[in-house]
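Q: I've got a model open and some quick things to ask. Can you walk me through it?

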Amino acid sequence: MMNEESSSPASRNVVAQFFKRLGQLYQLQLDKWTPHTKGRWVAAIGLIGLFLLRVFTKQGWYIVTYALGIYHLNLFIAFLTPKIDPALDLDDDHGPELPTKSNEEFRPFIRRLPEFKFWYAISKSTVIGIICTFFEVFNVPVFWPILVLYFITLFCITMKRQIKHMIKFRYLPFTHSKPRYQPVASEK
């Protein structure tokens, strides 16, 4: 009786160590992928392509596809939005602002959802979507053209609002690189 009780915490400890080690290996792989932006996005687009191929070949899971599209749209909007929303920050005394005049100091665009987290969320949700296509319970019969029209309408309305916000507060969420200036030739 005494040996059974003492071995139980040890077995739980082994299981906890196993999952902790598994989490460390997973984090190590994520850390290795971090500097490879193009490769990560190619893999994410490949996952989305695999998901769409499965949906088209099996002719079902349109609700899962619609939910995944809405989730990806929400992630994209968070990716395009500044961390400190100028529409909500009406007082000039609180925190940094985006420059509104050409003579103001340049401040880099800080996203609400950083690129790595955007990629990670898209990849993870697409894998979950692929897994859902293996279960018939998620294959709800719907008239898919209505879902497509609704998604296109929602996308257009959301992007129109986001673009108006970008124009109103004069920010561009995409920057290519820091400007580089040529050295001035010295006069002799």
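Q: Start with H165. Buried or exposed?
A: H165 counts as buried, because its relative accessibility is 16%. Buried means under 20% relative accessible area, exposed over 50%, and partly exposed in between (1.4 Å probe, protein chains only).

Q: Before I go on, what kind of model is this?
A: This is a predicted model, where local features need pLDDT of at least 70, side-chain atom pairs count only at pLDDT 80 or more, and totals for chains, interfaces and linings use all residues. Residues are numbered from 1 along each chain as its sequence is written, and side-chain values use heavy atoms, with hydrogens and water left out.

Q: Back to H165. Which helix is that in?
A: H165 sits in helix α5. Helices here are DSSP runs (H or I, at least four residues), strands are E runs of at least two, and both are numbered from the N terminus.

Q: And what does H165 touch?
A: D85, P86, A87 and Y171, leaving aside neighbours within four places in sequence. Contact means heavy atoms within 4.5 Å.

Q: Zoom out. How many helices and strands?
A: Five helices and zero strands. Along the sequence the pattern reads α-α-α-α-α.

Q: How much of the protein is buried?
A: 27% of its 188 residues count as buried.

Q: Now salt bridges. How many?
A: The count is one salt bridge. The rule asks for a side-chain nitrogen of Lys or Arg within 4 Å of a carboxyl oxygen of Asp or Glu.

Q: Which residues make it?
A: E115 and R40, with the closest N and O atoms 3.0 Å apart. The pair links distant parts of the chain: E115 is in helix α4, R40 is in helix α2, and they are 75 residues apart.

Q: Why would those two pair at all?
A: Side chains of opposite charge can pair when their charged atoms come close.

Q: Is R40 buried or exposed?
A: R40 counts as buried, because its relative accessibility is 1%. E115 is partly exposed, at 23%.

Q: Tell me about α4. How far does it reach?
A: Helix α4 covers residues 115–132, 18 residues in total, and spans 26 Å from first C-alpha to last, close to the 26 Å expected at 1.5 Å a residue. The expected span is 1.5 Å times one less than the number of residues.

Q: Which α4 residues are buried?
A: The buried ones include F118, W119, A121, I122 and C132.

Q: Aromatics next. How many pairs?
A: Eleven aromatic pairs. Rings of Phe, Tyr and Trp (its six-membered ring) pair if their centres lie within 6.5 Å; planes under 30 degrees apart count as stacked, over 60 as edge-to-face and the rest as tilted.

Q: Give me one that involves Y62.
A: Y62 and W144 form a tilted pair, 6.1 Å centre to centre with 35° between the planes. This pair also links distant parts of the chain, with Y62 in helix α3 and W144 in helix α5, 82 residues apart. Y62 is buried at 18% relative accessible area, while W144 is partly exposed at 45%.

Q: Why is the F116 and W119 pair called tilted?
A: Their ring centres are 5.4 Å apart and their planes are at 45°, so the pair is tilted. F116 and W119 both lie in helix α4, three residues apart, about one turn of the helix.

Q: What cluster do they belong to?
A: F116 and W119 form one aromatic cluster with Y26, W33 and Y120.

Q: Where is Q59?
A: In the loop between α2 (37–58) and α3 (62–80). W61 is in the loop between α2 and α3 as well, with a positive phi of about 60°.

Q: Is each of them buried or exposed?
A: Q59 counts as exposed, at 53% relative accessibility. W61 is buried, at 6% relative accessible area.
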